[in-house]
Amino acid sequence: MDSFGTYQGAYEIFRNVNWIGARENCIIGAVVDQSKSSSFTASMVGYGALGPAGALVGEVIGRERDERVSHIYDYLFVLMNLTENGVGIMPVRGSGLRLCPEKQGPVYEGFVFYYYQELAEISVKNYFGIRKSVKTIMIKLADGNKLYFTANMVEKPMPYQENGMKLLVSRYQK
């Protein structure tokens, strides 16, 4: 299993999928904000309208929309590499409630990338507007769909996180 515990390890993961920038590689780890997915929203609306059966129907409808947007919502953790060309998102699979390079590894077949021409906006905000140590990252695609992530400014098992987050915040903080 490829480890993303060091910058060089994370760099190699993105090199394996040919998503390395010539001038810039801003690599961070993040949590996929599942509460913003269509399947979660549709199942909650369905549950409110029709109870458990509505939740199941909403889940199916929402999952179909999420698959059109991105299969990233199938995962809990991702590594992101922001290069001069765009954003590459590598899903991470494994056990744990936090990013843990010893227990988790990349899912190469789940890798997705977006060139900057395909994006309408990238924004970074403080979590709930007040937590400066945790950031909410929103990537809005040109077609209006959005991907949401949450990332800590510092991840102890990933020492490169702090530098990557500082760069990301300096560019996209709102």
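Guide: One term to begin with: a cavity is a set of grid points where a 1.4 Å probe fits but cannot get out. The model here is a predicted one.

Visitor: Okay, how many cavities of 30 Å³ or more does the structure hold?

Guide: There is one cavity of 30 Å³ or more. The volume of the largest cavity is about 30 Å³.

Visitor: Which residues line the largest cavity?

Guide: The lining consists of Glu24, Cys26, Leu82, Tyr116, Leu167, Leu168, Arg171 and Tyr172. Helix α4 supplies the largest share of that lining, with four residues.

Visitor: And what classes are in the lining?

Guide: Six of the lining residues are nonpolar and two are charged, with no polar ones.

Visitor: You listed Glu24 and Arg171. What do their side chains do?

Guide: They meet in a salt bridge, with 2.5 Å from N to O. This pair links distant parts of the chain, 147 residues apart. Arg171 sits in helix α4, which covers residues 161-172, while Glu24 is in the loop between α1 (7-16) and β1 (26-32).

Visitor: Is Glu24 buried or exposed?

Guide: Glu24 counts as buried, because its relative accessibility is 19% and the cut-off for buried is under 20%. Arg171, at 42% relative accessibility, counts as partly exposed.

Visitor: How many salt bridges does the count come to?

Guide: The count is four salt bridges. One of them joins the side chains of Arg98 and Glu155, at 3.3 Å from N to O.

Visitor: Where are Arg98 and Glu155 in the chain?

Guide: Arg98 is in the loop between β3 (86-94) and β4 (104-106), and Glu155 is in the loop between β8 (146-152) and α4. They are 57 residues apart, and this pair too links distant parts of the chain. Glu155 is buried, at 6% relative accessibility.

Visitor: What about Lys166 and Glu162?

Guide: Their side chains also meet in a salt bridge, at 3.6 Å from N to O. Both residues are in helix α4 and lie four residues apart, so about one helical turn separates them. Lys166 is partly exposed, with a relative accessible area of 47%. Glu162 is partly exposed as well, at 35%.

Visitor: Let's step back. How many helices and strands are there?

Guide: The chain has four helices and eight strands. Starting at the N terminus, the order of elements is α-β-α-α-β-β-β-β-β-β-β-α.

Visitor: How much of the chain is buried?

Guide: Of the 174 residues in the chain, 49% are buried. The accessible surface comes to about 9,100 Å², and carbon and sulfur atoms account for 55% of that surface.

Visitor: And the contacts, how many join residues at least 24 apart?

Guide: Taking contacts between residues at least 6 apart in sequence, 57% join residues at least 24 apart.

Visitor: One last spot. Where does Gly144 lie?

Guide: Gly144 lies in the loop between β7 (131-141) and β8. Its relative accessible area is 35%, so Gly144 is partly exposed.

Visitor: How far apart are Gly144 and Leu119?

Guide: They are 25 residues apart in sequence, and in space their C-alpha atoms are 8.9 Å apart.

Notes:
Residues are numbered from 1 along each chain as its sequence is written. This is a predicted model: local features need pLDDT of at least 70, side-chain atom pairs count only at pLDDT 80 or more; totals for chains, interfaces and linings use all residues. Side-chain values use heavy atoms; hydrogens and water are left out. Helices (H or I, at least four residues) and strands (E, at least two) are DSSP runs, numbered from the N terminus. Buried means under 20% relative accessible area, exposed over 50%, partly exposed in between (1.4 Å probe, protein chains only). Contact means heavy atoms within 4.5 Å. Accessible areas come from the Shrake-Rupley method with a 1.4 Å probe; for residues, only the protein chains shown count as cover. On a 1 Å grid over the protein atoms alone, a cavity is a set of points where a 1.4 Å probe fits but cannot get out, and a pocket is an open set with protein on both sides within 12 Å along at least five of seven lines; lining residues have an atom within 4 Å of a point. Grid points are joined across faces, edges and corners, and a volume is the space filled by probe spheres set on the points. Ala, Val, Leu, Ile, Met, Phe, Trp, Tyr, Cys and Pro count as nonpolar, Asp, Glu, Lys and Arg as charged, and the others, Gly among them, as polar.
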